[in-house]
Structure formats: structure tokens, C-alpha cells
Amino acid sequence: MNFTPVAIGESFGWLHHADGDRGVVMCASIGYEGLCAHQSWRVLADRLAAAGLPTLRFDYPGEGDSLGDPADPAIVDAWREQIRAAVRWMRAAIGVREVALVGLRLGAALAAEVGGVERLVQIAPVTKGSSYLRELKMMARVLAASGPTPEASIAAATASDDIHLEGFTITQPMAAAIKRIDLSRLEAAPAERVLVLHDPAARPAPEFLERLRSLGAHVETWELADYRALTPAPMPPPPPLADLDAVVAFASEGAGRALISQPPQGALATEHFVERGVVFGERRQLAGVLCLPRGKPKLTVLLLDTGANHHIGCGRSTVDFARALTRLGFASLRMDTLGIGDSAVVENGPRSALYDAARAEDVSAALDFLEMRGLENVTLYGVCSGAALALYAALADTRVTALALANLQVFGRVEGEDREKLLEMGFAATHTYVAKAMSAKAWARVVNGEVAFAKLLDIASALLRRKGSAFAVALAQRLGLAHGKTHEARANFARLSARGVRILMLYGDHDVGREEMNVCFGPDARFLRNLPNVAVDVLDGADHALSSALSREALLEKMSFFLLAADRDADPGRDDRRAMAGALTMATFGAFTLTTNLE
């Protein structure tokens, strides 16, 4: 992979190398939109660099892997200033003659406001902040109503004045700043040439295009062939290559070659930790972020991807978790497996990497990387598909001595049709969906169009498959037969327990994984609870991705005890009473509030 991790002020980024004299600064969208579009954004950066344009992807302050507090009332101004800093950095540190800004959704609006460049590409730009906020509020209601969240949690989430989207929050001060955005009132042309790519169903506001032309900009428009690929979805479709190629053609037109500087790899630091991006593996195809505490680490946690999301996690929860662990003296590596996030792109996209036992090779490569840096006492942690990968890796690599598996749905290999069904299945317990089906509020949402009737049919089909699978296992057990799924699951965990691997199983109280666990291991996971070194715990009110504030606090408390116990086992002579007290204090006080004094 031909890119380098860099730090620009408080922001983390990746510079995709090329030898052109025109650089590109990519201004992503924010929060859930940015998370879902990450794979397409990464592919676009690769294509821009392949066309000879040095290209910078970066995270805004308070977003992604960057520092900064997302609750800062001035955070939107900080995003604009970071774009300015990135443009200055491209000109001074890389040495490009020209700069093009490429923005998506809100990032396109911020790029237009900042301007000061030679070219500007706007992909589905937000032209009025007030309209954008209405879109986000509707999206939040739809996701809450159609997802696996219990009704009580939906009511709590939608009652707040903040906008909650899959763990990301648009705070009231942030919303107030976004509401003031109106590109029809631009005071200067943001660039000499502008390309606006728009949804075929929603042409750009004519007053915005007219404003650009009246300010002297040469404006071109492009109708997106696959706008759906850039919109939020639990399993994003493949990148819209034709649309991305239109961006590349416009951005690279007339660019020349130059002797371009290669910046040193940067790091972000606070009083508690130092972080840097890393690329590793036999062919350097894997990427992640290494987070080290000040002082010698006690042990290391390897944080694996959740679903198709890259290593920051839903609601940026993995970033917050990694940084909170440094207060206990623990290091971590949050990594992307092959085909996901910042690791090498594969032909079939992130979907092909999920529940693939072959990806255990990536975990082993990460263990090699950590071992070379003296970080050998490693605990694997994953949620859902990341937990399945952690299980596969522990079975394949005897260096794994501790596992923390959250909302694990499978306990052995899944292949072919079973894997496809698993990717389509919801994450809530059956009783949660049944309760929703009996709710007048749920049917009102269908009538109002907030939840598609087809979604209900999909849920019903998934529930029938669940019940059919559970019935097959129960029938085999009643007949005294060893059902394949049950036999493999019990053999896997018995093998790990006999090897001395410490295992923590964590579940949200409404998660379907609890049903699957009881199918394979008996009522209340009786088989697991009788194994040495295995603990099963339930997090009340936790969402599937463990991204809500409640889930994060409960997770940190459980993981603190588990990791400190693992640390004591590794060094029995150490007295960890002070560290344990610190863990309890941190869990009570709220460990995810971090001071970000940049060094």
C-alpha cells in the first residue's frame, strides 16, 4: 500500500503518494455518513493517487482517529480550520503547486466555505444546513424504528434535542453551527473550477450554482450514476466506480509532475497516550493505529473490526475505548483486516472478509507486528463478526492467551449460504422483534413511511430461519444426536479452555447472540459456565455494537476487571490493588472524557 500515516495538528490522516504537482485534500462527511462512505472514500483516494495526484485523507478534530472533543461548542469551526491547515500542509510540506478540495455531503459544504484552492469537487453537497439537519433527524428516527433497539431505548433516543445516529451524536451547538451553513450566500468563489456531482432525484439548488457562477467560478455538473453507494447503510454496496472516475478526471485534468517531498510519519499525543498509524504484514497490506500509554505497557489489547466498519467503530467507540485503556497502562492496536477500512482493498469488498476464517492470518500478522515491538501479552477483543474473527484466530494461533468476545453470534465456522443468511439477519433477540410487532407505535411508523413494509418481511423471514435452526438443534439433542453446530461450538471452547485461554463472553440483554449461545451450550450457557477460565456476563440495555454511552461505560468496567486479572496472571507477583481502584473510579466517573493536549 502506497500511503503513509501523518499527523497535522490534532488530525490524523493518510497521505497517498504520487508525483504530481497538484495535490488533493479530501473533506469527508461526518459521523455515521462518513463511517458508511469510508470504503468508497479510500478507493477514491487510491484512484486519485494512481492518476498522479498526491492525496490526503484526514479526520476532522473529534472525528475518526483524530484528537479533539466532539462536544466542543466550536467544533464546526475547528473542522473548517483543519481543512485550511491541510491545504497549507499540502503546499508547504509536500510541495504541490496547486490544491484541489474534494468534499462529500457536509464535507463538501465546509470545503466550499473554506475555498482558496484551484479546483473544488462537491459530491452531493449540503447547500443548506437546515435541510441537512432535517435529513439527519429523519434518518435517526428511521434507524431507531427499523433497527433492533428496544422500544424504551428508541423513546429515550428520540426524545433528546441531540441527534443520535448509530452511536454518533450531533449536539445542539454542533447543530446550531451547521444550521447557519448556506452556500447560496458565499462571499467569494471557492475555486476557479468547480464540479458538482448530484443525486439524479435532487438536482443542486439553482441559487447555489448561480451564486458560484456570479462569483466567477467555472461550474460543471455531473449526475451520479450510483448515489446509493455513497449513502448510509449497514452493509455499504461496492464503491461507485464510474462516479469516482469522473472525480478523478476533473481533479487530474492539466496536472503536471513535480519533485514531491515525502513527510515523516507523525504521531498524536496527550498526557495519557501516544498514537501513530501503522502498516504491517508480510506484504504491508494491513493497517491500523497503535495506541501506547505513557510508560511501559502492562499488556496489549488487539481490537478487531466490527462488521464492515473500519477500526474506529460505531460512534467512534473503539477509539474512545483504546484511549481509555491507556489510563490503566494498557496498549492497544485497532486494526482493519484485509478488505476492510484502511487495509488493502479486495475485489469483493468488506463483505467478503466477514466471518471468513482465513482472516485469522491477519490477526497472526498483527501478533507478529506487536511481538517485534515487545508487546507479547495480547488479549483479542471483538464485537459480532470481530468476535468471530477473534475466536478463529485463537483456535489457529497458540500465542492467544485471552479473549473478550462481545455479542458473538457464531461459535464455529460459517460458509456459503449460511454465511449469507447470517449477514442478512438482525441482531436483536426474537422477543424484541415480537414486542415491536405487537406495538401500535411500530405499525404507525409503517403507515407513516418511516419503516418500509419490505423491512418487516425481511425481519419475519430472518426470525423464521432462526426458529428453524433452533428447532433442528433441539430435535437432535432430544434424540440423543450430536448436531453439527452444537458439537463444533462445544469442541472449540473446550479446546481453548483446556489450553488455558481466559475467555470473557459479553452480551447485550436484547442481543440475538444470547439465543444462539443457549442453543449451542444449553440454558443460560450451562456448558460454558462449567468450563474453567470462561466467564459469561450480560450488559443491561447495551446496543449490539456497544456504541451507546451506557454500553461503553458497562463495557469498560467489565473489561477493566478482565484485563487486570489477565495482567495479574501474567505477572502474579504484581500488586494491582491501586490499578483496580483506578479502574473502578474510571468506570464510575466516565472514562471516555479525554484531555487532548497536543504535543
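Residues are numbered from 1 along each chain as its sequence is written, and side-chain values use heavy atoms, leaving out hydrogens and water. Because the model is predicted, local features need pLDDT of at least 70 and side-chain atom pairs count only at pLDDT 80 or more, while totals for chains, interfaces and linings use all residues.

**The sheet**

Let us start with the strands. Helices (H or I, at least four residues) and strands (E, at least two) are DSSP runs, numbered from the N terminus. An open sheet is formed by 8 strands in the order E1-E2-E4-E3-E5-E6-E9-E10, with mixed pairing; two strands pair if DSSP finds at least two bridges between them. At the edges lie strand E1 (3-8) and strand E10 (218-223), each pairing on one side only. On average, neighbouring strands of this sheet are turned by 20° against each other, direction ignored.

Inside the sheet, strand E3 (residues 22-27) pairs with strand E4 (residues 55-58) in the parallel sense over 3 bridges. Val-25 has Leu-56 in E4 as its bridge partner.

Helix H8 (residues 206-214) packs on the sheet, where it touches strand E6 (117-123), strand E9 (191-198) and E10; contact means heavy atoms within 4.5 Å. Helix H9 (residues 241-252) lies across E3, strand E5 (98-104), E6, E9 and E10, and runs at about 175° to E9.

**Two helix pairs**

Axes are lines fitted to C-alpha atoms, for helices over the stretch in contact, and angles run from 0 to 180 degrees between N-to-C directions.

| Helices | Axis angle | Axis distance |
|---|---|---|
| H3 (residues 75-94) and H4 (residues 106-114) | roughly 65° | within 10 Å |
| H10 (residues 317-325) and H20 (residues 549-570) | about 40° | 11 Å |

H3 and H4 are therefore roughly perpendicular to each other, whereas H10 and H20 are oblique; angles under 35 degrees count as roughly parallel, over 145 as roughly antiparallel, 65 to 115 as roughly perpendicular and the rest as oblique.

Among the residues in the contact of H3 with H4 are Trp-79 of H3 and Leu-110 of H4. In the other pair, residues including Phe-321 in H10 meet residues including Met-559 in H20.

**An aromatic pair**

The structure holds 10 aromatic pairs. Rings of Phe, Tyr and Trp (its six-membered ring) pair if their centres lie within 6.5 Å; planes under 30 degrees apart count as stacked, over 60 as edge-to-face and the rest as tilted. Phe-411 and Phe-521 have ring centres 5.0 Å apart and planes at 80°, so this pair is edge-to-face. It links distant parts of the chain, 110 residues apart: Phe-411 sits in the loop between strand E17 (402-406) and helix H13 (416-424), and Phe-521 in helix H18 (residues 512-521).
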